[in-house]
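Please read them with the structure open.

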Amino acid sequence: MPELPEVETTVRGIAPHVAGRLITRLTVHDPRLRWRVDPKLAEWARGQRIHAVQRRAKYLLLQLERGYLMIHLGMSGSLRVLPVRTAREAHDHFDVEMDSGWMLRFNDPRRFGSLHHVQGDPSAHALLKKLAPEPLEDAFDGAYLHRVLHPRRVAVKLAIMNSQLVVGVGNIYASEALFRAGIRPGRAARSLTRAQSAALAAAIKAVLTDAINAGGTTLRNYMGADGAPGYFKQKLFVYGRAGEPCLVCGTPIKQRVMGQRATFWCAVCQR
Ligand SMILES: [Zn+2]
């Protein structure tokens with residue numbers, strides 16, 4: 001599933017090819033995405049220039065002259081920049097054609113992705129207004145994290161995966177950030193000290209930044225038909241390593257299911 005680093009990499013990958021371009025036509029081949037695409041969206045977008053590409057949590061925001069196109073990649077979505085007359089393939093759901101002769105094409109086999117148009121401030125949109133601060137911005141720090149974790153009895157791993165508290169931390173990054181911070185995933189959120197909250201905030205920023213940097217090597221894959229965009233390997237300390245030796249202390253990594261998701265940790269390095 002695309003996580004925040006994959007979405008950020010998509011933003012950086014497509015931006016040079018779409019920013020400044022005029023939308024000559026937007027074609028929705030199949031409006032049945034997670035939410036049905038508004039039938040008026042294509043006509044609204046046509047003729048507008050794309051000023052910039054931004055990200056909020058896992059939403060891509062194309063800033064147009066009169067608002068925004070808001071795209072979510074869902075479980076299996078991807079965006080590619082292709083020549084306008086490229087033949088459609090299975091699961092290609094919409095195309096944003098540009099005056100460059102290239103188009104932005106959305107493919108999504110499972111159709112949990114989405115396309116909306118937003119007039120006015122996108123942060124007021126129903127899908128965005130309850131989201132926590134961006135984890136890579138200064139407003140997200142140890143003091144913020146301690147404030148939101150302190151009242152909660154829930155396991156800290158589940159708390160940091162709640163997008164109303166922390167955005168962009170999926171299952172892999174939750175296990176990895178807790179390992180780096182030396183905190184057991186099953187601990188009650190409210191048991192973290194201020195120092196541990198600060199360590200966890202720093203670890204979340206570090207795992208996301210490392211993943212984005214790893215994704216930087218895939219940027220050229222967003223243009224043209226060669227090479228699959230999106231996913232990249234980074235060094236994982238605990239995720240997917242049940243029974244294997246901890247890379248720091250050698251103790252076998254433990255695994256259990258929390259909130260229906262596989263969770264990995266080292267019983268020695270994490271307290
Ligand atoms: Zn260890």
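**Notes on the predicted model**

1. Arg111 lies in the loop between β7 and β8; helices (H or I, at least four residues) and strands (E, at least two) are DSSP runs, numbered from the N terminus. Phi of Arg111 is near 55 degrees, a positive value in a residue other than glycine. With a relative accessible area of 30%, Arg111 is partly exposed; buried means under 20% relative accessible area, exposed over 50%, and partly exposed in between (1.4 Å probe, protein chains only).

2. On the basis of these notes: this is a predicted model, in which local features need pLDDT of at least 70 and side-chain atom pairs count only at pLDDT 80 or more, while totals for chains, interfaces and linings use all residues. Residues are numbered from 1 along each chain as its sequence is written, and side-chain values use heavy atoms, with hydrogens and water left out.

3. Ala57 also deserves a look. Its phi is positive, about 55 degrees, although Ala57 is not a glycine. Most residues other than glycine have a negative phi. Ala57 sits in the loop between β2 and β3 and is buried, at 6% relative accessibility.

4. β2 and β3 (residues 59–64) pair in the antiparallel sense over 6 bridges, and Ile50 stands opposite Leu64 in β3. Contact here means heavy atoms within 4.5 Å.

5. Which residues does Arg56 contact, leaving aside its neighbours within four places in sequence? They are Leu61, Leu128, Leu131, Ala132, Pro133, Glu134 and Val167. Arg56 is in strand β2 and counts as buried at 18% relative accessibility.

6. The whole structure holds 4 aromatic pairs. Rings of Phe, Tyr and Trp (its six-membered ring) pair if their centres lie within 6.5 Å; planes under 30 degrees apart count as stacked, over 60 as edge-to-face and the rest as tilted. One of the pairs is Phe94 with Phe106, stacked at 4.9 Å centre to centre and 15 degrees between the planes. Phe94 lies in β6 (residues 92–98) and Phe106 in β7 (residues 102–107), so this pair ties together parts 12 residues apart in sequence. Both residues are buried.

7. Phe179 and Phe237 are also stacked, because their ring centres are 5.4 Å apart and their planes at 20 degrees. The pair links helix α5 (residues 171–181), which holds Phe179, to the loop between α6 (194–215) and β9 (254–258), which holds Phe237, 58 residues apart. Phe179 and Phe237 are both buried.

8. Helix α5 is largely enclosed by the rest of the structure, because 9 of its 11 residues are buried. Its buried residues, among them Tyr173, Leu178 and Phe179, pack against α1, α4 (156–160), α6 and β10 (261–265). Gly182 follows α5, with a positive phi near 70 degrees.

9. Cys246, Cys249, Cys266 and Cys269 coordinate the zinc ion through their SG atoms at 2.2 to 2.4 Å. Donors are N, O and S atoms within 2.8 Å of the metal (3.2 Å for Na, K and Ca); water is not among the atoms, so sites may look incomplete. The donor residues are spaced C-x2-C-x16-C-x2-C in sequence. The 4 donor atoms subtend angles of 99 to 114 degrees, so the arrangement is tetrahedral; four donors count as such if all angles lie between 85 and 135 degrees. Cys266 is buried, at 0%, whereas Cys269 is partly exposed, at 24% relative accessibility.

10. Ile253, in the loop between α6 and β9, is buried with a relative accessible area of 4%. Beyond its neighbours within four places in sequence, its contacts include Phe237, Cys246 and Cys266.

Technical notes. Pairing = 2+ DSSP bridges. Tetrahedral: all angles 85-135°; square planar, octahedral: opposite > 155°, others 65-115°.
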